[in-house]
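Trainee: Please take a close look at the aromatic rings in this structure. I would like to know how they pair up and where they sit.

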Amino acid sequence: MFTTTFYSFKGGVGRTLALMNVAYELVSKGNKVTVVDFDLEAPGMQTFNIFKDALNNKGTLKVKGIADFISEYRESCNSKPVIPNINDFLYKVPNKELSFKNKHKKGALWFVPASQSLKREAVQDINWEELYKEFKGYLLFEELKSLIYKKTKCDYLLIDSRTGLTDHSSICTKQFPDLLVSLFFPNDQNINGLKEITDDVKVFKKKGSHIPILYVGSRIPVGDDEENIIEEQINKAQNKLNFSTGKHFSDFLQLSHNSSFDLVKQTLLVERSSENIRLKNEYLKLTSEIEIMNKNSLLGNI
């Protein structure tokens, strides 16, 4: 199970939409994929149409989420610690909501929401320092990953992380991933903030190895840039974040800004049959890069 975290220092860069397009493309190619909404304070994954059957007639989710998983475990620690039943937290998307490029190799998609309720109390009551220091929080999340795999046998686990510098964004950027996809809009605020996060990740070792980072400039304007502003900012980002853009090796991709109303409706562009959608092709490229990183990890090259 190849775990990839999608992270951005600031919101509004299309992080969740990129993750969902990648997830759908991986599934359409025959992979089993689980997506986890770990943006506990501003969850949004459940609003995608593909998850409409996960809602009951009252508009609330049929399954519990990450915040509930933590809360139930923490409450059990008052007597005897019990890991919650993973079946209560996984929603499997019906095949009718999916499409497959190879009918002989059908993928599958599972969803773990941030919480069953959007009440902020569910997140505000979590004491992250206490959870890790006194109640074995690290082992709790390792067990969560293990339970997801045992239940789904998924090839890919994609995690949508909280923005900024938070306790649980660190869980997503360091403990969970085999690959960190770092999305940013190329302005100084995004670049400087992302540098602090990625510098921290670069010195962290997981199972003796550093976590690879794929940088993704996102919502890049399409059109004439007569003053070379975008090029200058990308160069600034490259110098600060130290990514490569060469012909033979690159750990940097771009996602274009798309002014289409498809984005307002959160349409998954990889579903579209048209081959002339720039952003769709960029999502496909991102998916391919993640597949290559997975293959390299299996071969021991990363």
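Mentor: Here is a walk through the aromatic rings, pair by pair. Keep in mind that this is a predicted model. A search of the whole structure finds twelve aromatic pairs. Start with Phe51 and Phe111. Their ring centres are 4.2 Å apart and their planes meet at 15°. Planes under 30 degrees apart count as stacked, so this pair of Phe51 and Phe111 is stacked. Now place the two residues. Phe51 belongs to the loop between strand E2 (32–38) and helix H2 (66–76), while Phe111 is in strand E4 (residues 108–112). The pair therefore ties together parts that are 60 residues apart in sequence. Both partners are hidden from solvent. Phe51 has 0% relative accessibility, so it counts as buried. Phe111 is also buried, at a relative accessible area of 0%.

Next comes the pair of Tyr215 and Phe243. This one is tilted, with 5.3 Å from centre to centre and 40° between the planes. It links distant parts of the chain, 28 residues apart. Tyr215 sits in strand E9 (residues 213–220), and Phe243 in the loop between helix H8 (229–241) and strand E10 (252–256). Tyr215 is buried, with 1% relative accessible area. Phe243 is buried as well, at 3%.

Rings can also gather in a group. Phe38, Trp128, Tyr132, Phe141 and Phe176 make up one aromatic cluster.

Finally, look at charges over rings. The charged end of Lys92 is placed over the ring of Trp110, 5.4 Å from its centre. Lys153 lies over the face of Tyr149, 5.8 Å from the ring centre.

Technical notes: Residues numbered from 1 in each chain as written. Predicted model: local features only at pLDDT ≥ 70, side-chain atom pairs only at ≥ 80, totals over all residues. Heavy atoms only, no water. Phe/Tyr/Trp six-rings, centres within 6.5 Å; stacked < 30°, edge-to-face > 60°. Helix = DSSP H or I, 4+ residues; strand = E, 2+ residues; numbered from the N terminus. Buried < 20%, exposed > 50% of the residue type's maximum accessible area, 1.4 Å probe, protein only. Lys NZ or Arg CZ within 6 Å of the ring centre and 35° of its normal.
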